[in-house]
Amino acid sequence: MRSYRRMLGLPGMRTLMILMLFARLPASAAGMVLTLHVAVGMKRGYGAAGLVGGVATVGIALGAPVMGRVVDRYGLRPMLVLTTVGEAAFWLTARHMSYPVLLACAFAGGFLVLPAMSIGRQAIAALVPVDLRRTAYSLDSVSVELTYMVGPAMAVLLATQVSTGVATIGVGGTVVAAGVALFVVNPRVRAAHEQAHGSERIPRREWLTARMVGVYAVGAGAVFVLAGTDVTMVAALRAADQLDWTGAVVAVICVASAAGGLVHGAVQRSLPQVTLMALLGLLVIPVGLFAGQWWMLALALVPSSAMCAPTVAATGEEVSRLAPPSMRGEATGLQSSAFTLGAATGSPLVGFVVDHSSAAWGFAVAGIGGVLVAGAAWALGAGRTARTPISAGSPS
């Protein structure tokens, strides 16, 4: 664990990790709150809730690289003001909107989402030397796991025990608090040597290469597998009449993912991003054979879950290495868009398969999709021995 001690000993690193853990809470709770507000609070059903969520997802996917470009051109604080005010305005007024108005505003609310994930990845690249980035991104992935264990649970508790309207206000208030905290701390998104030597604008075609597209594809593929697995897991538990054990299964796979992330960050040499992606997909394929009992399903998901955080961490590490410092905001924004695309395709596609076959086929399709993405990414050059990237260099 020497690498973790070195990394956490860097000036400002502990503060950054704690800040990003808090700043991600609104995003982790938002989807659940929106679903419950439309389906339960407005009594419109889950189909209508899914439509609102889909519109918001499109906004998030399109807005992330735009907000990243704002950071590249004008700095972090102007983007924070824009997104904090915009997203908070949506959430603090959502409970007063009719369904058609909410549907129309969901796109703007998504487009102006406070990009806490991207900010964290940029700050890590600026703060942490290259030899410790794997460790930092691994710990960051573990932090994301913790956030997504806490945020949705808090959202459900507030929405069911108080009201969905109060839950929307809670998200809005948390967005404001996170935005203000980030504005005050103002974490650096470029290192000192990058400020001095890496401020020039670089044409997108020079850094958005086939190799970088392959890296993004792995990120999208990983989330595709995870989203498909989540949907199929719920279906399998429901078919076995053990839906009450969903929380226990989720806890097991989150712990497995966190453990995998910690190991990935501790070793000096880990598996390449494409190999991690391929293993993630391959290990999901046979899970459906063990879906008879909740504990068997949980244990069967442990190996693939252990590949989750490492794959996501490796994606962040590759993006930070291949993207030029002056374009890092847009590059990390595109990474967020890739994750969003993976989630937006994984859930409905695998859910369709489950509806028309069985949970076993759902796991198989999710895993096969991940393996195919890994193959495509390898063909694009991701995971191979890299030439010196545009962003190469170290602090002097």
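A residue here counts as buried under 20% relative accessible area, exposed over 50%, and partly exposed in between, with a 1.4 Å probe and protein chains only. Keep that scale in mind as we walk through the structure. This is a predicted model, in which local features need pLDDT of at least 70 and side-chain atom pairs count only at pLDDT 80 or more, while totals for chains, interfaces and linings use all residues. Residues are numbered from 1 along each chain as its sequence is written, and side-chain values use heavy atoms, with hydrogens and water left out.

Let us begin with the whole protein. It has 18 helices and zero strands, where helices (H or I, at least four residues) and strands (E, at least two) are DSSP runs numbered from the N terminus. The C-alpha atoms fill a box of roughly 60 × 45 × 40 Å along the principal axes. With 396 residues, a compact globule would have a radius of gyration near 21 Å, and the 20 Å of the protein agrees with that; the radius is taken over C-alpha atoms, and the globule rule is 2.2 Å times the number of residues to the power 0.38. Buried residues make up 51% of the 396. A contact means heavy atoms within 4.5 Å, and among contacts between residues at least 6 apart in sequence, 85% join residues at least 24 apart. The protein exposes about 17,100 Å², of which carbon and sulfur atoms supply 68%; such areas come from the Shrake-Rupley method with a 1.4 Å probe, and for residues only the protein chains shown count as cover.

Now turn to helix 15, residues 294-305.

What about the aromatic rings? The structure holds three aromatic pairs. Rings of Phe, Tyr and Trp (its six-membered ring) pair if their centres lie within 6.5 Å; planes under 30 degrees apart count as stacked, over 60 as edge-to-face and the rest as tilted. The rings of F90 and W91 have centres 5.3 Å apart and planes at 75 degrees, so this pair is edge-to-face. Both F90 and W91 are buried. The rings of W245 and W294, with centres 4.3 Å apart and planes at 5 degrees, are stacked. This pair links distant parts of the chain, 49 residues apart: W245 is in the loop between helix 12 and helix 13, and W294 is in helix 15. W245 is partly exposed at 41% relative accessible area, and W294 is partly exposed at 21%.

Finally, look at the backbone. Most residues other than glycine have a negative phi. N186, not a glycine, has a positive phi of about 50 degrees; N186 sits in the loop between helix 9 (164-185) and helix 10 (192-197). D241 has a positive phi near 55 degrees and lies in the loop between helix 12 and helix 13. At 71% relative accessibility, D241 is exposed.
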